[in-house]
Amino acid sequence: MTANAFLASYSAKVLEYTLAITYLILFVGFWRYVQGGKVAQAAKAVAHAPERIREAARGAAGWFSVPEAVYLHPGHTWARLESDGTVTVGLDDFAHRLVGPVAEVGLPQLGAGVSQGAAAIRLGADHKTVSMLSPVDGTVVAVNRSAAEQPERLGDPYGAGWLFKVKTSKLAANAKQLLSGEGARRWLDAAGESLAARLSPQLGHVLQDGGVPIHGIARELDPENWDHIAREFFLS
Amino acid sequence: MKLSRRNFLKVAGVTGSVGLVGLPTRANGAMSLASETPGETERAVLVDTTLCVGCRGCEAACAEANKLPDPPSDEKVFGELRATSPTAFTVVNRIDNPRNGKPRFAKKQCMHCVEPACASACPVRALDKQPTGPVSYNGDRCMGCRYCMVACPFGIPKYQYASNNPLVRKCTFCAARQAEGKAPACTSVCPSGALTFGTRGELLKEARRRVFGNPGKYVEHIYGEREAGGTNWMYISDVRIEELGFARNVGDASYPQLVKGALGVPPFVMTLWPPLLMGIYAFSHRKNGDDEHGHANEAQSKDGGDHD
Amino acid sequence: MTSVAATAQPNWFQEKILLGMTGRQYLRSLVTPWNFAAAAIIAVGVPLMIWRFAFGLASVTNLSQTQPWGVWIGFDMMTGIALAAGGFTIGATVELFGLKEFHPIERPAILTGFLGYVMAVIGLILDLGRPWNMVQVMIRNGTHSVLFEVAWCVMCYTTVLSLEFAVPFFEWLGWKRLYTPLRKALLALTVLSVMFSTMHQSALGSLFIIAPGKLHPLWYSPWIWIFFFITAVIAGISMVIVESTLSHQVFAEKFKGQHVDLDKLTIGLGKAGAIVMFAYFFLRLQGVVDGHAFGYVKGFYGAWWLLEMVGLVLLPAFLYAYGARNRNARVVRIGGILGVIMIVFNRLTVSLIAYNWDQPVRYVPSWQEIWVSITLVTVGVLLFRWIVNRMPVLTPPADAPAH
């Protein structure tokens, strides 16, 4: 074998290195493609946020609790069948924390009819009002006066913060539009993440008080237009 | 050239020449030069197919010595190129020499390679290379994985698929007879002198003498001199030996040498992986104050609490 | 779930084995079309296995003197072991890389791995001519042989898998004194599992290094052991995606009450799968260039190679990438299915199709070989189902800390 022929077998190495360099260049692009995208950017923003927000975002479903036997409406109101056959309605934990301290609560009249998906509740704060949708059809048979008079009661959204009760014959049909249990938690997870995506790192300081989820997230996010954000989630 | 150990070290030290390191010394024992013949002192056979008359006496002798069924006596067997089989350790094949139309015969059997692929492949050392030359098979150990059959580039090991206690079958080089000082059965009966039994070194010299001493008579190639790193059964002929039913793309590399790199990997993995993996573990658990088993402390993952 | 009839408290056997039902109830519950199909498969498969041991390999296989390894090695052993790689990939993900969110799919992955290896070993015992001599591997010095290393590593790794699986097994039996030390050992077992898996997954590829003349140049490479290891990682990821999706549907009951966001985990796996698949594509290209084999990309084998590289490596790589980027778990799952197909394709190609590629007479598996292989898969699935219905594999153990 001549020297030329001997070294010529290494020409493959040139091709290999060229291939490797091409690959490295392509790899950068591929990596960014896999990691990138707006949805993922938002998630990554949370990921780089201070530890607490990350914890909070990950535990978003825990932020917003939903007890068993409670059915959630996509507008963030809930319905619960009581042992006496009536259905209690309220706003869920997410709605409560989203809006924050409320100055006044407008509830339907006794005997009034409510329809699933139609506005039935009014929350007022900062001279703005946000409507919330009724989760079920029915006739109002009870109204929680103390919640209306002392809006702080909404702090226990599934208990003392109940808003009104209805009598309905359509709960089974209505329930088809409602979420419960695992599905409800997952949906709240998603809502929490969607919310977390809007959180900016500066918000970290708001959570410094022992990691309790802040009250009135919508207002923190956009003090001028918090009602737009709230309505977006409440579908109203 | 002999150097005493002291002189050797002195010279090496003075000149610092790396090239001197390769020289053999009596004190160092056996360090072989590249020009030494592999398997020089092992028993081997030279097959000169120009002398083979196709009597197939070797087949008959082999069958008798190994208690195999008699080979078919009909000449019709020459109609196609045969392979060995579980009941035939050797076969003689025939083609017609394209140059002069004369029939040419070649005996086929295990090549008893200097560095046998089958023995290196065998995980239980059922196949092993004896220092005297034969590649031996110990059926007691064999578990029937048939990796030897995958490894052998000549396709020699044959398997008793029809048996429920199967063995690998191939030419034994009559190791038992050799141990008694006798020649293998086939070489003992060959009437025409086509088979010459001797040592590999001698037979290579003889082969070269015949091939290069009779220009034009033989194809200038000794099949088995370098194939698969060298085999103990070597062939010279006036036709290309591959035409006579031998493996065509064997190559000169020793097959066990091919595997050396890959064999070296597992010990490195065993050494490197634990520190590497534990390093990854330590890195990924560095912040969380996890206990040593990697479970996050409960207090840190507090949340609304409706998990179960 | 309370039973309708007022029965006495079920005894241990009824509770643990019969899922709380009486014998008659349990047997009745077994009457399903799927179970019939499985029974039919096994009813033919087991006699075939007995036949093989009674009358030899030739009576049920199409193995020949030129094709010593057939479907039982190519599929049951090589493909099976690759598809069981989820055990070490997810184990490493959770225990070593600290990605705890993957914990819910860790135990099923280990179970799949354990059963996969058990079935592969049974397939091996069927294929070996003299399986009783397997012990020879333990007492002879065969370190010069790649198969020696495969045998030892598979033995060691199956042991590790058994120990890992023993945790839910003992939890099921309530034998705290046995599962507590095993749980503590999980980190060490995971390190060992990655180590042993690396060694034998790659060694299964190294088996072919000794046969350059027999394996087609587009697949033969001295670096085939790297390819086999990387595809094992891909197999682990893909198989876990597929298996967790199926488990989640078939065993949905078990997941109630757990906060398992399977879509999120799937997308995470898809991300990893995308990167590894992408790199693997270029690894194979490098192998072909290094082997000067580009001229072989023509004819049937060239087309076969292109099918593998483009259709089964590049395509799922992009499916994974697209699905991960756009948080689309369904696309990732399709990628997972293709990933599994890629492994099966690759292992069968290397062992059966590209092997002996230039021989005039080729091996075609016998129906008995195929049936036995299907039987082994069926038994594996049945065992998976049996175990998952009883032991804390998909469900957390009774005394698990809340996380």
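**Entry 1: a strand pair in chain B**

I began with Asp48(B), which stands opposite Ile236(B) in strand E9 of chain B. The model is a predicted one, so I keep that in mind for each entry. The two strands here are E1(B), residues 43–48, and E9(B), and I found 4 bridges joining them in parallel.

Next I looked up the sheet they sit in. It is an open sheet of 3 strands in chain B with the order E8-E1-E9, and its pairing is mixed. Which strands form the edges? They are E8(B), residues 195–199, and E9(B), residues 233–236, and each of them pairs on one side only. From one strand to the next I noted an average twist of 25 degrees.

I also checked what lies across these strands. Helix H7 of chain B, residues 200–213, lies across E1, E8 and E9 of chain B, and runs at about 135 degrees to E8(B).

**Entry 2: a sheet in chain A**

I moved on to chain A and found an open sheet of 3 strands there, in the order E4-E6-E7 with antiparallel pairing. Its edge strands are E4(A), residues 104–106, and E7(A), residues 128–133. Neighbouring strands are turned by 20 degrees against each other on average, direction ignored.

I then followed E4(A) to its partner: 3 bridges join E4(A) to E6(A), residues 119–125, and the two run antiparallel. Glu104(A) stands opposite Gly124(A) in E6(A). Helix H11 of chain A, residues 226–234, packs on this sheet and touches E6 and E7 of chain A. The direction of H11(A) makes about 5 degrees with that of E7(A).

I wanted to see what E8(A), residues 138–143, pairs with. Strand E5(A), residues 113–114, is joined to E8(A) by 2 bridges, antiparallel. Here Val114(A) has Gly138(A) as its bridge partner. E8(A) is also joined to E9(A), residues 164–167, by 4 bridges, again antiparallel. For Thr139(A), the bridge partner in E9(A) is Lys167(A).

**Entry 3: where chain B meets chain C**

I counted 57 residues of chain B in contact with 61 residues of chain C. Between them, chain B and chain C bury about 5300 Å², and 61% of that is on carbon and sulfur atoms.

How many salt bridges cross this interface? I found 1 salt bridge between chain B and chain C. Arg146(B) forms a salt bridge with Asp127(C), and their closest N and O atoms are 2.8 Å apart.

Several elements give two or more residues to the side of chain B that touches chain C, including helix H3 (117–121) and helix H4 (147–151) of chain B. The largest share, 16 residues, comes from H8(B). By class I listed 36 nonpolar, 12 polar and 9 charged residues on this side of chain B.

**Entry 4: where chain A meets chain C**

My last stop was the contact between chain A and chain C, which takes 22 residues from chain A and 22 residues from chain C. These two chains bury about 2200 Å² between them, 67% of it on carbon and sulfur atoms.

On the side of chain A that touches chain C, the elements giving two or more residues are helices H2 (11–35), H3 (38–48) and H9 (181–198) of chain A. H2(A) gives the largest share, 15 residues. This side of chain A has 13 nonpolar, 4 polar and 5 charged residues.

Methods: Residues numbered from 1 in each chain as written. Chains lettered and ligands numbered in written order. Predicted model: local features only at pLDDT ≥ 70, side-chain atom pairs only at ≥ 80, totals over all residues. Heavy atoms only, no water. Contact = heavy atoms within 4.5 Å. Buried area = accessible area lost by both parts, 1.4 Å probe. Nonpolar A, V, L, I, M, F, W, Y, C, P; charged D, E, K, R; others polar. Pairing = 2+ DSSP bridges. Axes fitted to C-alpha atoms, helices over the stretch in contact; angles between N-to-C directions. Salt bridge = Lys/Arg side-chain N within 4 Å of Asp/Glu carboxyl O.
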